[in-house]
Protein chains: 2
Amino acid sequence: MSLPVSPLAPERLPDLPPIAGVRFASAETGMRYKNRKDLLLAAFDPGTTVAGVFTQNVVCGHPVTWCRQILPGGRARALVVNAGNANVFRGAEGDRAVRTEAEATASALGCAPEEVFVASTGVIGMKLDAELIARHLPELAGRLDPAAMADAARTIVTTDTFPKAAVRSVEIDGRTVTVAGICKGSGMIAPNMATMLAFLFTDAAVAPATLQAMLQAAADRSFNCVTVDSDTSTSDTLLCFATGKAGNPPIEADHGPFADALAELCTDLAIQVAKDGEGAQKLITVTVEGAADDRSARRLAMAVADSPLVKTAVAGEDANWGRVAMALGKVGLPIELGALTIAFGGIAVAKDGGAVADLDEAPVERHLKGRDVRIDVSVGSGPGRARVWTCDLTHGYIDINGSYRS
Amino acid sequence: MSLPVSPLAPERLPDLPPIAGVRFASAETGMRYKNRKDLLLAAFDPGTTVAGVFTQNVVCGHPVTWCRQILPGGRARALVVNAGNANVFRGAEGDRAVRTEAEATASALGCAPEEVFVASTGVIGMKLDAELIARHLPELAGRLDPAAMADAARTIVTTDTFPKAAVRSVEIDGRTVTVAGICKGSGMIAPNMATMLAFLFTDAAVAPATLQAMLQAAADRSFNCVTVDSDTSTSDTLLCFATGKAGNPPIEADHGPFADALAELCTDLAIQVAKDGEGAQKLITVTVEGAADDRSARRLAMAVADSPLVKTAVAGEDANWGRVAMALGKVGLPIELGALTIAFGGIAVAKDGGAVADLDEAPVERHLKGRDVRIDVSVGSGPGRARVWTCDLTHGYIDINGSYRS
């Protein structure tokens, strides 16, 4: 099935500058897709540090298990990613497949298998042909290219209708450091630690524990605030590789500007995932304020963003704020009903526990006809705030998911 | 919009015998729907006891607030139900509207307003014209009919494609007592105490506290085990009225056969709700066994039943058990992965932490082509079990909910 490109897609991929110490190569294995690349090798110079956050799904992919196991080493020399088969729920055979990939990569690049991170995305439960992947790796290792990041972004997609990438730069002690990231994700998106697959590359020098803390904080504000369908993937993987080639003094404690750049980059990518949500015609940004704390605010915002009735109403360009109130209420958290305000596109449609009297619906309707729908909610007078992103629920989602596997 | 009748609909309503002490009348107010009845009055003889369970949504309808307030009285003389406007989130005006309905009914029937139960279903947040309802009540009170229960079942529907009713009888001390119920519900179905609207009528004599305990237990096994879209209505109301006309010695402690009849009746109605889930083409029954306790089993089963990816896979007749594993895993409860078994239509497709080798997929595919899909899961060796019902997720759901309000 060939999908039309999301109407929310950016016009083009951003220019992706080479990151010193990082090289890419992609290949077409034919494993599942025809006429497109589906296998990515990224190689990192010696000294590269790494941080990662992974799915909290109890049923997690074999590559996730492997990455968790080697992450404490804090060092990375390679990343191998295949698209089309997620290598999940295959028992001992699934673990062996990851080991095969790591060993073939280590042998091709002259590093240890424990320095090779592995990620897989696609159908759950099917046998992964790791030997096929292993046969491609020496050839890939022979043509690694620092300029091939855009190609890498195109290689890792599955039901995505556009490749996703973003870049940020920041000054550290007079040195410009750059962080670039690629990402894929479109369905089975309710990340509970990270999104489906996102890989960040930076030339900054960062100690692994510090990188881990900053990456985790960035994920909490970005990937953990996006949902397409409330279904949490078994393979969510966010990895950040830091080569240290920028020459900055190594970052060994939380660094505000670098942490901000990382969070902005992750937010940019997370919003791209929502914009490419399966069947998406509109991006929906939900904000909640006045909750008891930020965590409560996020639960309320996610309940709105996950509600099929809210999402179909937005698809139908219907300012059905009653469904927003329903979604907030079903969470079970206390809400000051008399203070509840719901706005579409900045225009209050309900406040003080009831509909706004004599509302001019025309500007609300105009807002809902656009591609970028904002739902802002105030639930009381507490300090808790959250912002999350999702997309509308349309026939496209049914088309894609009624026939994905077959 | 006129909806095609669900292919899962029963051939016809069951015969609904009169329940001694209960009379019905329905009218067409024209408030929202054209050319159909939308207002129901049920009247009960003096001495009728009542029990009820209601939505746990924090944003609850004004009628729910009223019913909760009068329920401790334990006595009922009337029930007023309107379809098309749920009377939710209207502040003091919404409470006044319920009061107007109760007082008009009390005046027409010669009882106290606090003996009049009220329920409303339909759009959230719109002003209810209670005066219009009040004007119809005297006329309705003048033509109450014990034989009009089927008509009542047709009056209370909204997006339902068929009316729902069921009957059970049981012997108590040599007397036959009958329980009959009518119900509506199709979308915004993830009841958290009861379904959208269900009203049960019995000629048994039952003390209010005993009736309440048995009704709650029945709801837990039936309405609380059905989901269409994970969205919990603001107006879920289950009421049971017992007239005592059967002449049995009053039931004053949990009565096994009567409790069983009540639970069976509720289960019958709950399954009808799943069969009429918006856009439903298939009924899905999910069972989970081997969980730590029944509550955990229900959470796991509901995660499968609520997963848009599982529901679209069933719509596409795709035995995508990987999505079932994903849905189980996202709950976060411990699962013995090595013991996990997933079966479609009784045929194991995954076990012992991986796909069944050399599976003959033909009988699985045949099962999925049917209307009645069974997904049975075993997650370990614990004593917890649950069975829940839902429907598949199809284009019909999007059609209905993208344009319901407008």
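This is a predicted model: local features need pLDDT of at least 70, side-chain atom pairs count only at pLDDT 80 or more; totals for chains, interfaces and linings use all residues.
A salt bridge is a side-chain nitrogen of Lys or Arg within 4 Å of a carboxyl oxygen of Asp or Glu. Keep that in mind. I will start where the chains meet.

How many salt bridges are there between chain A and chain B? The count is two. One of them pairs A:Lys330 with B:Asp231, and the N to O distance is 2.5 Å. Check that against the cut-off: the pair counts as a salt bridge because the limit is 4 Å.

Where do these two residues sit? A:Lys330 is in helix H9 of chain A. B:Asp231 is in the loop between helix H5 (208-221) and strand E9 (237-242) of chain B. So this pair joins two chains. Now look at the surroundings. B:Asp231 is buried, with a relative accessible area of 0%. A:Lys330 counts as partly exposed, at 22% relative accessibility.

Next, the whole interface. On the chain A side, 51 residues are in contact, and they meet 51 residues of chain B. The area buried between the two chains is about 4,500 Å². Carbon and sulfur atoms give 60% of that area. Polar contacts are there as well: 19 residue pairs across the interface, with both residues at pLDDT 80 or more.

Which elements of chain A each supply at least two residues to the side that touches chain B? They are helix H8 (308-315), helix H9 (321-330), strand E13 (354-355) and helix H11 (395-401). H9(A) gives the most, with seven residues. By type, that side of chain A divides into 22 nonpolar, 20 polar and nine charged residues.

Now salt bridges in general. Side chains of opposite charge can pair when their charged atoms come close. Over all chains, the structure holds 32 salt bridges.

Take one inside chain A. A:Arg99 forms a salt bridge with A:Glu114, and their closest N and O atoms are 3.5 Å apart. A:Arg99 is in helix H2 (residues 91-109) of chain A. A:Glu114 is in the loop between H2 and strand E5 (116-123). The two are 15 residues apart, so the pair links distant parts of the chain.

The side chains of B:Glu139 and B:Arg143 meet in a salt bridge, at 2.4 Å from N to O. B:Glu139 counts as partly exposed at 41%. B:Arg143 counts as partly exposed too, at 37%. Back in chain A, salt bridges that share partners join A:Arg99, A:Glu103 and A:Glu114 into one network.

On to the cysteines. How many disulfides does a search of the whole structure find? Zero, over all chains. Take A:Cys266. The nearest cysteine sulfur is that of A:Cys240, 7.8 Å away. A disulfide needs the two sulfur atoms within 2.5 Å. A:Cys266 is buried, at 0% relative accessibility.

Now one residue close up: B:Thr202. B:Thr202 lies in strand E8 (residues 197-202) of chain B. B:Thr202 is buried, with a relative accessible area of 0%. Where does the side chain reach? It reaches the backbone nitrogen of B:Ala204, at 3.0 Å. Leaving aside residues up to four places away in sequence, B:Thr202 touches several others, including B:Ile19, B:Thr178, B:Cys240, B:Phe241 and B:Phe258.

Last stop, helix H1 (residues 62-70) of chain B. Which of its residues are buried? They are B:His62, B:Pro63, B:Val64, B:Trp66, B:Cys67 and B:Ile70. And what covers them? The cover includes strand E3 (49-54), helix H2 (91-109), strand E5 (116-123) and E9 of chain B.

To close, go back to the start. Find A:Lys330 and B:Asp231 on the structure, with 2.5 Å between N and O. Then find H9(A), which gives seven residues to the side of chain A that touches chain B.

Key
Residues are numbered from 1 along each chain as its sequence is written. Chains are lettered from A and ligands numbered from 1 in the order in which they are written. Side-chain values use heavy atoms; hydrogens and water are left out. Contact means heavy atoms within 4.5 Å. Buried area is the accessible area (1.4 Å probe) that two parts lose on being put together, summed over both. A polar contact is a pair of N or O atoms within 3.5 Å; within protein, one must be able to donate a hydrogen and the other to accept it, and residues adjacent in sequence count only if both atoms are side-chain atoms. Helices (H or I, at least four residues) and strands (E, at least two) are DSSP runs, numbered from the N terminus. Ala, Val, Leu, Ile, Met, Phe, Trp, Tyr, Cys and Pro count as nonpolar, Asp, Glu, Lys and Arg as charged, and the others, Gly among them, as polar. Buried means under 20% relative accessible area, exposed over 50%, partly exposed in between (1.4 Å probe, protein chains only).
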